[in-house]
Amino acid sequence: APIYNISGLAFGKSEVLERIGGKANIRPFAERKMRVGFAARFDQEKQPDFYMDLIDMYHSQGRHKDIEFAVFSGGPLRSNNPRYIDRARQLEREGKLKIYEDLKKNDYYALVNDSRVLFNCALQDWVSNTVSEADSLGCNVLYPAYRSFPETFSNDPGRLYIPWSIEDALNKLYTLLDTPSVNMGKISDRNDSTIDRICDILEGKGEDMLRM
């Protein structure tokens, strides 16, 4: 059978924007809270330890004292490794991490719409809907240059960090906290047309995506 590369997830950008009341309600970047969000599950394959190591390194450097590091969770924070929960709760007690739990979808979007960076350090993500959602809502995204993220990000060096390098991730995070990416919106636009590309393939008009 012929193999096609659609390079994206089925995604509806307009549906995301409707949940904040429309594109006009995207919060200007300069007015957003100096917040870094982590929206992945807190399971081992998502490397929450890496995120918490990043937080500890940030505090050891003493820069940008007003940054809020946050975890966004659609239910109670849970993990396949209880140690991560214990560490997260300890960081929360120390005032280094804010944990938002039991979030409804609209609540989550409201937080992303008032955040500056969404951070990811997963070992097994590929495209990820979280990147499309944040990119739709005017939030910078910082992901590892791993698996298919370089393709998803069109090899954007400003929003991809060297996998497992906390130093590189932190340096790029500081830049993304200050300035919106010039490529913001392109990832969500690409995924917004994924279903169109699938239909083109089914209709025999997708030969440019043939990978044989």
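Ser154 sits in the loop between helix 6 (149-152) and strand 6 (160-161). The model is predicted. Ser154 has a positive phi of about 50 degrees, although it is not a glycine. Most residues other than glycine have a negative phi. Is Ser154 buried or exposed? Its relative accessibility is 60%, so Ser154 counts as exposed, the cut-off being over 50%.

Trp164 is another case of positive phi. Here phi is near 70 degrees, again in a residue other than glycine. Trp164 belongs to the loop between strand 6 and helix 7. With a relative accessible area of 49%, Trp164 is partly exposed.

**Helix 2 and its two partners**

Two packed helices are described by the angle between their axes and the distance between the axes.

| Pair | Angle between axes | Distance between axes |
|---|---|---|
| Helix 2 and helix 3 (residues 82-93) | about 25 degrees | 10 Å |
| Helix 2 and helix 7 (residues 166-178) | about 65 degrees | 10 Å |

Take helix 3 to begin with. Helix 2 and helix 3 pack at an angle of about 25 degrees. Helix 2 is therefore roughly parallel to helix 3, since angles under 35 degrees count as roughly parallel. The crossing of helix 2 with helix 3 is left-handed. On the helix 2 side, the contact involves Pro48, Asp49, Met52, Asp53 and Asp56. Helix 3 supplies Arg83, Tyr84, Arg87, Ala88 and Leu91. By class, this contact of helix 2 with helix 3 has five nonpolar residues, five charged residues and no polar ones.

Asp49 is part of helix 2. What is the relative accessibility of Asp49, and how does it count? The value is 16%, so Asp49 counts as buried, under the 20% cut-off. Leaving aside neighbours within four places in sequence, Asp49 is in contact with Arg83, Tyr84 and Arg87. With Arg83 there is a polar contact, side chain to side chain, at 3.0 Å.

Now helix 7. Helix 2 and helix 7 pack at about 65 degrees, with their axes 10 Å apart. That angle makes helix 2 roughly perpendicular to helix 7, a class that runs from 65 to 115 degrees. Helix 2 and helix 7 cross in a right-handed sense. Helix 2 contributes Phe50, Asp53, Leu54, Met57, Tyr58 and Gln61 to the contact. From helix 7 come Ile166, Glu167, Ala169, Leu170, Leu173 and Tyr174. The residues of the contact of helix 2 with helix 7 divide into nine nonpolar, one polar and two charged.

Asp53 is listed for helix 2 in the contact with helix 3, and Asp53 is also listed in the contact with helix 7.

**Ile201 in helix 9**

Ile201 lies in helix 9 (residues 194-202). Its relative accessibility is 17%, so Ile201 counts as buried. Which residues touch Ile201, neighbours within four places in sequence left aside? They are Tyr4, Ile6, Gly206 and Met209. Ile201 and Glu45 are separated by 156 residues in sequence. In space, their C-alpha atoms are 33 Å apart.

Technical notes. Residues numbered from 1 in each chain as written. Predicted model: local features only at pLDDT ≥ 70, side-chain atom pairs only at ≥ 80, totals over all residues. Heavy atoms only, no water. Axes fitted to C-alpha atoms, helices over the stretch in contact; angles between N-to-C directions. Helix = DSSP H or I, 4+ residues; strand = E, 2+ residues; numbered from the N terminus. Parallel < 35°, antiparallel > 145°, perpendicular 65-115°, else oblique. Left-handed = near helix turned anticlockwise from the far one by under 90°. Contact = heavy atoms within 4.5 Å. Nonpolar A, V, L, I, M, F, W, Y, C, P; charged D, E, K, R; others polar. Buried < 20%, exposed > 50% of the residue type's maximum accessible area, 1.4 Å probe, protein only. Polar contact = N/O pair within 3.5 Å; in protein donor to acceptor, adjacent residues only side chain to side chain.
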